Amino acid sequence: MYERRLRLLVVAYVLILCVIGARAFALQVVEVGDHVGQLETRCRRTLSVLPRRGEILYANGTPMAANVPGFGLEVAFRELDDRVLPEPEQLARSLGEWTAQRTELDAAEVAATTTARDRAVLERRLAARRAAGDTRRNELLSTYPEAYERYVRDGLAVRRACAVCGHTVRSIDPPTRSCRECGTPGRFEVLPPFDVQELADLLDEERATVDASLARALLRRARRPAYRLHALMVRIEPHAAEEIALKPWRFAGLDAVPRAARIRDDLAAQLVGRTRLPTAADMERLTDPAREADGLHIYSEAEVYPALVGAWGLEAQFDDHLRGVPGRSVRVREHDGVEPYRTEIRREVMDGAPLQTSIVPRLQRAAEEIVARAPAHGAGAAIVMDVRTGAILAMASASSDGLNHAHVHVQPGSVFKLITALAILETGLDPEEEVVCNKSGVMRGRGKYVCMHAHGPIALVEAFERSCNGYFAQQAARLGAEPLAASFRSFGLERRFDLGLGDMHLGEAGLARSGPEDWERWDLMMIGIGQGRATSTPLQIVTAYARLAAGGTAVTPWLVEPLRPDPTAVRRDPALVRHAPLLQAAARAVVVSGTGQAQVELGNADAAGKSGTAEVLRRDGVDPPSYGQAKYVNNTWFVGYAPHDAPRFAAVVVFERMKPGAHGATEAGDPVGRLLIEALSER
Amino acid sequence: MSADAIRPPLAAAPARWYLTLRALDPRVLAPALVLVAIGLISLAADKPVAMLSQARWCVVGLAVMLAAIVVPYRKLLALAYPFYAVSLLCLGALLVPGLGRTANHATRWLQLGPIGFQPSELAKVAVVMVLARYIRFRRDHRTFKGLVVPFLLTLIPLALIVKQPDLGTALMLVPVLFVLLWAAGAQRRHLMTVVVLGVLSLPLVYSVLQPYQQARVRSFVEPAVVLVADLRSGADEASTDAAAAGATNSARAATSRAAAGAPDRHHVTESLAAIAGGGITGQGFREGFQNRTDRVPESWTDFIFSVFAEEWGFLGVLILLLAEGLLLIGLGSVAFEVKEPAGRLLAIGALVILGTQTCVNLAMTVGLAPITGLPLPFLSYGGSSMLTSWLLLGLALNAKAHRPLVFTARDFD
């Protein structure tokens, strides 16, 4: 009985195999034409849908960096034929000619440059560009032949016309099938999809550039399915995109796709940074599977190529935040479809998130105007900060070295006396105790410090008001290193605040050059007046005065919403809380009757603050001859806050390498007053 | 070597090596080797790198088969329950984060040093062995109540395999259970009742399927709707990306859209195009257009038949089907010859697994069944699949080699 069941089982399997055999017979012998016909008309393109890069926004919601519509060009290799792609030898020849032509143009440009210094810079830049270009070209030429050979072997030529009736089809099948229109077998002619020279003319590009782009796209295609579109040109002009879109018969196999370009407001160019096309390092970073662990999208190579990535500034630091996740769609033409194409969304595109900053446009404009007055060979920086929240409302920098000097360590001069003053008070020295200022004090074996005036016997508040170097230098020497170091910490000067701008455009960290254990008596005296080993960034100095203005609250600066510190975790510094009233009175006295009393804008702003003038060595070749034979040039500072009785905003302005004799209050006092008035009227 | 030379003395018990050699039944081995050769040829055309690895696995598989023949199957069946427990442990280990290896969005591989294997392949063998062990000498499976234990023994690994998810392999266990019970004499009306209940519960089962699995089913039952979402890189990708991106609302929406709206025929369309392109004589070795242009997805694993059919045409397909048929008939003959219940059930188990997997894979490739992700035994690339196939053959041949003399009139009586 059960053997019959077993027999039935075997018979059932054999019958199923017979059915499958019959199906195979139907497919391979009876219905073969139908399936091949489907293939001839079925067309499928996979497209990466680029996300819109998130906007970077001012505090009021207007964009600092935004996207504008643009177009890119993509190619479907499946719809090309062999003649479109340059043969390896032709590509080498074409690129060689192009390189020679570029070298000639470069040489002409160098020859036309007038000064020797500019010529040297230009030559260096061109040599670097040429080396990078050579590397890319050699890589292309070494890998291209194999991809080309494979492409030709694949025989992907697809746009064909029947030699008898002229019926045109796009086919992926070898040209041996019958024409679906007239039934003639095997009489097809391959039609060239487009003329490469015509495309180059339309794009206003060199033929070699288009050839190289095609070759690079083919190399990418070798690693991807044939039906995927590959980026050919990342940016093309709208008229070219229109021409290609409107005349598909002239440019078969090409697709002009919308692709946004990035623009930025020049006001905050230094903060926003720039975007650029991805490099090999970006490719490696964005396709790294380890990104999944961080909850980030793992890009495919095809998705990376047309994307924009941040080069520096906020664009680079928040690149993943801004870039978004590309979508994927498939465009299909079916053999029985009513519509010529249908687009299926496979993965919805996720646009990049906006990045909210704390920058106020009007204040930023004012700050930019102020730093524009900085000497061309030097630098200038201006910062406005909200004392209550730590928000940076404006941050501007102008410099000959391209660095953001709001972040660069320089000698702060007398604005540093606030730190010495707190150390004096915290150590328990009597603020009423007078110290004699004799204009200069000689230090054994090392030199001397100089006070501009012989103040005579002078106490803390008056010394701060009149910026007496004699008082602070002598008191610093009495204090020793440790109280000064503790005072640094109270004001947050030991910290390098992360505003999200990255390290690339920051200056070197000056304080790292030495520690308190190395300070000798001479060093202490110079540090006490903000000279010698004392260096700080404008950001650190404005933060220190904001902490004073906030009555000892440890304000932390922030620029972008994702890095905003938790307001509930704000601590207060006990030393600063104890001594803030006296120090605030001293800072107010500076504006009312001290070094800043002549600055009208400071008075109008009802401000308190401190001027600073740091002497730095003059450098031949850097400082202009008009500075004469003076040994030193000046860094001029003013840092202040307003209103003095209920502080809301703090601001700092610094001009580096000003002429000898320039004074902090005179040069930077009124600009700080203006920034504070603008800030007070803004909110 | 003459037959006398290897014959042991009459008085002595047959030597193990003698039994092993006697077990190497050409009715089974010859078609299996032909199939392996066809698989290697197809891989050589599609993915030459994989061919060398597959050849190595084939040699290892042959060794495994010989090892499976050497130890008498009754001794092996004595270890059926521990083996079953080990396979359950391995399946359970996949549920522990970090132990399993995930590929194609399913955690199916357990990594042992440099080697990864699929516990679900082990589970298929374990279920056959444990059912054979349980059912032999019993009669209670002929009652409705007696079906409970065999069903439980099958459903536990099935549930764990579904969890991976690997619906195709999980569903393989269902025919194994039914056929073994049926062959062991279970009442037809009992089995039919279970089948009817199963059919009635299909809507419920469908609702708990993964989105891509639902899409596969819909693409099969709605062949008129021809869309081109790529299953593995479509709905799956959307869901993975959604998880990676913290499952924001729009990502979740994308997932559900991909899940709801993508009955897919892309795999099948490309596969049919490849098979049809082969014609009667085929396009020639390494000349298949669909194969050269990488159009058939998973062409070296699940869809290897289309590669072979495109390059060797209908004539090649006939040879392949003939080899498959001969293999199944050979396994059936082995089962016939074994009268002892447990041995016969082992042989039938091997027949059912290899036969069902072959039929489902081929039917899927020619568009007669939904896509299940089952490999074609002996042909598809994959070490676990190759080893399991040879192990099953080994168990069936073992049953034949070590079969005892049975004096009852009918088996299971």
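Reader: In chain A, what share of the contacts with a separation of 6 or more is due to residues 24 or more positions apart?

Author: Such residues account for 73% of them, where contact means heavy atoms within 4.5 Å. This is a predicted model, in which local features need pLDDT of at least 70, side-chain atom pairs count only at pLDDT 80 or more, and totals for chains, interfaces and linings use all residues. Residues are numbered from 1 along each chain as its sequence is written, chains are lettered from A and ligands numbered from 1 in the order in which they are written, and side-chain values use heavy atoms, with hydrogens and water left out.

Reader: How many helices and strands does chain A have?

Author: Chain A has 22 helices and 24 strands. These are DSSP runs numbered from the N terminus: H or I over at least four residues for helices, E over at least two for strands.

Reader: How much of chain A is buried?

Author: Of its 683 residues, 53% count as buried. Buried means under 20% relative accessible area, with a 1.4 Å probe and protein chains only. Chain A exposes about 29,200 Å², and 52% of that area is supplied by carbon and sulfur atoms; the areas come from the Shrake-Rupley method with a 1.4 Å probe.

Reader: Which residues of helix α17 of chain A are buried?

Author: In α17(A), residues 481-490, they are A:A481, A:L484, A:A485, A:S487, A:F488 and A:S490. Their cover includes α14, α16, α18, α19 and α20 of chain A. After α17(A) comes A:G492, with a positive phi near 75°.

Reader: How do strands pair in a sheet?

Author: Strands pair through backbone hydrogen bonds, either parallel or antiparallel. A pair here requires at least two DSSP bridges. Strand β4(A), residues 71-75, has antiparallel pairings with β8(A) over four bridges and with β9(A) over five bridges. A:V75 faces A:H230 of β8(A), and A:L73 faces A:A256 of β9(A). Four of the five residues of β4(A) are buried, so this strand is largely enclosed by the rest of the structure.

Reader: In what order do the five strands of the open sheet in chain A run?

Author: The order is β17-β16-β24-β23-β22, with antiparallel pairing. β17(A) and β22(A) are the edge strands with a single partner each, so one side of each has no neighbour in the sheet. From one strand to the next, the twist averages 10°. β16(A) and β17(A) share seven bridges, and A:V384 has A:A394 of β17(A) as its bridge partner.

Reader: Which strands does α13(A) lie across?

Author: α13(A) lies across β16, β17 and β24 of chain A and runs at about 25° to β17(A). α20(A) lies across β22 and β23 of chain A, at about 75° to β22(A).

Reader: What describes two packed helices?

Author: The angle between their axes and the distance between the axes describe them. Here axes are lines fitted to C-alpha atoms, for helices over the stretch in contact, and angles between N-to-C directions run from 0 to 180 degrees. α13(A) and α22(A) pack at about 170°, with axes 10 Å apart. They are therefore roughly antiparallel to each other, a term for angles over 145 degrees. Among the residues in this contact are A:L363 and A:I370 of α13(A) and A:L675 of α22(A). The contact residues comprise seven nonpolar, one polar and five charged. Ala, Val, Leu, Ile, Met, Phe, Trp, Tyr, Cys and Pro count as nonpolar, Asp, Glu, Lys and Arg as charged, and the others, Gly among them, as polar.

Reader: At what angle do α1 of chain A and α17 of chain B pack?

Author: α1(A), residues 2-30, and α17(B), residues 304-337, pack at about 180°, with axes 10 Å apart. Their contact residues comprise 17 nonpolar, five polar and three charged.

Key:
Parallel < 35°, antiparallel > 145°, perpendicular 65-115°, else oblique. Buried < 20%, exposed > 50% of the residue type's maximum accessible area, 1.4 Å probe, protein only.
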